[in-house]
Amino acid sequence: MGCGDSKHDAPARPSVPSGKTRICIAGFKISHHTGKAHKMAAMIAEKFPDRFESWYYWAWSGQYNDFLKETFDPVPFPPHLKGHGSSPFVWLEHSDGSGVTNTITPIGGREHFVEWIKKEFTGHTQEETAIVEFAAVAPSLCGDASHMGDAPMTCRVVPSTAPK
């Protein structure tokens, strides 16, 4: 899952802790759809830190496309996601139990993330209701496009000590 000699600078995605789901989002540095997905993932990780953590990668078009190709070429995609290249792309990661590899479940764009949220959070608590209601509001060009500093990822990333 490392970055190797790629043309992107995405942070490493370490093994997911057992029992947690990592919500991963890659997307354009400036995008209202990406910004809204970013805020939705941050809200989930904040309200349910025992169940979820977040990981993000923001890039310009070329690096974003390099990242998608490198990361997802070996991943089987459902038919409705084949060829997805718009921003953002959302996926889930779970531990495969080995402590080394993460299992990837592609979700899709922001609209697919909203559908996943509606299924995952059924409104049994105030926190779940708040997440579903927030997700249902369309992204704002003014309020969501510039999002990079809004919420840091909650996944613990250990900086590489390897020489560059």
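Visitor: In α4, which residues are buried?
Guide: This is a predicted model. Helix α4 covers residues 126-136. Buried means under 20% relative accessible area. In α4, that label goes to Glu128, Ile131 and Ala135.

Visitor: Seen down the axis of α4, within what arc do its buried residues fall?
Guide: The buried residues of α4 line one face of the helix. That is so because they fall within an arc of 65 degrees.

Visitor: What covers the buried residues of α4?
Guide: Look to other helices of the chain. The cover includes α1, residues 32-47, and α3.

Visitor: How do α3 and α4 run, roughly parallel or roughly antiparallel?
Guide: Helix α3 spans residues 110-120. Its axis lies 10 Å from that of α4, at an angle of about 155 degrees. Angles over 145 degrees count as roughly antiparallel. So α3 and α4 are roughly antiparallel.

Visitor: Which residues of α3 and α4 make the contact?
Guide: The two helices cross in a left-handed way. By class, their contact has five nonpolar, no polar and one charged residues. From α3 come Val114, Ile117 and Lys118, and from α4 come Ile131, Val132 and Ala135.

Visitor: How do α1 and α4 run, roughly parallel or roughly antiparallel?
Guide: The axes of α1 and α4 come within 10 Å. They cross at roughly 180 degrees. The cut-off for roughly antiparallel is over 145 degrees. Therefore α1 and α4 are roughly antiparallel.

Visitor: How many charged residues does the contact of α1 with α4 have?
Guide: On the α1 side stand Lys36, Lys39, Met40, Met43, Ile44 and Lys47. They meet Glu127, Ala130, Ile131, Phe134 and Ala135 in α4. Seven of the contact residues are nonpolar and none is polar. The charged ones number four.

Visitor: What about α1 and α3: roughly parallel or roughly antiparallel?
Guide: Their axes come within 9 Å. The crossing is at roughly 25 degrees, and it is left-handed. Angles under 35 degrees count as roughly parallel, so α1 and α3 are roughly parallel.

Visitor: How many nonpolar residues does the contact of α1 with α3 have?
Guide: His33, Lys36, Ala37, Met40, Ala41 and Ile44 of α1 meet Arg110, Phe113, Val114, Trp116 and Ile117 of α3. One residue of this contact is polar and two are charged. The nonpolar count is eight.

Visitor: Is Phe72 buried or exposed?
Guide: Phe72 lies in helix α2, residues 61-72. Its relative accessible area is 6%. The cut-off is under 20%, so Phe72 is buried.

Visitor: In what order do the elements of the chain run?
Guide: The chain has five helices and four strands. Of its 164 residues, 42% count as buried. From the N terminus on, the order is β-α-β-α-β-β-α-α-α.

Definitions and conventions
Residues are numbered from 1 along each chain as its sequence is written. This is a predicted model: local features need pLDDT of at least 70, side-chain atom pairs count only at pLDDT 80 or more; totals for chains, interfaces and linings use all residues. Side-chain values use heavy atoms; hydrogens and water are left out. Axes are lines fitted to C-alpha atoms, for helices over the stretch in contact, and angles run from 0 to 180 degrees between N-to-C directions. Angles under 35 degrees count as roughly parallel, over 145 as roughly antiparallel, 65 to 115 as roughly perpendicular and the rest as oblique. A crossing is left-handed if the near helix is turned anticlockwise from the far one by less than a right angle, and right-handed if clockwise. Contact means heavy atoms within 4.5 Å. Ala, Val, Leu, Ile, Met, Phe, Trp, Tyr, Cys and Pro count as nonpolar, Asp, Glu, Lys and Arg as charged, and the others, Gly among them, as polar. Buried means under 20% relative accessible area, exposed over 50%, partly exposed in between (1.4 Å probe, protein chains only). The arc is that of the directions from the helix axis to the C-beta atoms.
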